[in-house]
Amino acid sequence: TNHTMDLNLPWIPQYSQDATGDSPSVDKESVYYVWSLALTVIFTVSVYLFEGLLDDRQKRAYQKTTFPRELEATVAEIDRERLAKSKSTDSDNNNSKPTTTLQSDDDDKTKKDDNDDTKSDLSKPLLPQLKDKFKKSQQYGLDKINFGMIASTYDTLEGVAFLLLGFMPYTWDLAAQMGHDWF
């Protein structure tokens, strides 16, 4: 037997439901009958290809490892301003009377929570922290987009196979038969 698919229209799934009972009969000359499966497959593959192009563009953006220069310059300026402000605040505090405060255990717990790796340390310059987060973010985005591209390929292949094999009508008929037999 020949198991190759005929690419001439109309495309007919391997399994299709019979038009019995109250269902209208299928008009095999109808444009819907001739083109429906082929256009559905073409549309599905076209959407997959378009999304693949977008994913590819995004992947190239995630592959960039250089920190943006404009952002680096802006953050470096913020770091300089913060350093100058902290130096002037420190000199003002040295000239005033020292005050003593008691810290409770709750304050110590808060300090420990603030040292978590996911939070920014405000006493340190922002630029090295941002560069580290940028690197980690780029790697995470690259991993996510790669997985998404593989998952999208699988979903598209599965969807096209379900259409060409007639899996959904088969499942419907099987469920109807089981419902009829069991209930």
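Me: Buried means under 20% relative accessible area, exposed means over 50%, and partly exposed lies in between (1.4 Å probe, protein chains only). Which one does tyrosine 170 count as?

Reply: Tyrosine 170 counts as partly exposed, because its relative accessibility is 41%. This is a predicted model, in which local features need pLDDT of at least 70 and side-chain atom pairs count only at pLDDT 80 or more, while totals for chains, interfaces and linings use all residues. Residues are numbered from 1 along each chain as its sequence is written, and side-chain values use heavy atoms, leaving out hydrogens and water.

Me: OK, and how many salt bridges are there?

Reply: The count comes to five, where a salt bridge is a side-chain nitrogen of Lys or Arg within 4 Å of a carboxyl oxygen of Asp or Glu. One of them joins lysine 136 to aspartate 132, at 3.3 Å from N to O.

Me: Where do those two sit?

Reply: Lysine 136 and aspartate 132 are four residues apart in helix H4, so about one helical turn separates them; helices here are DSSP runs (H or I, at least four residues), strands are runs of E (at least two), and both are numbered from the N terminus. Lysine 136 is exposed, with a relative accessible area of 53%, whereas aspartate 132 is partly exposed at 38%.

Me: Which residues are buried in H4?

Reply: Several are, including Leu127, Phe134, Gly141, Ile145 and Val160.
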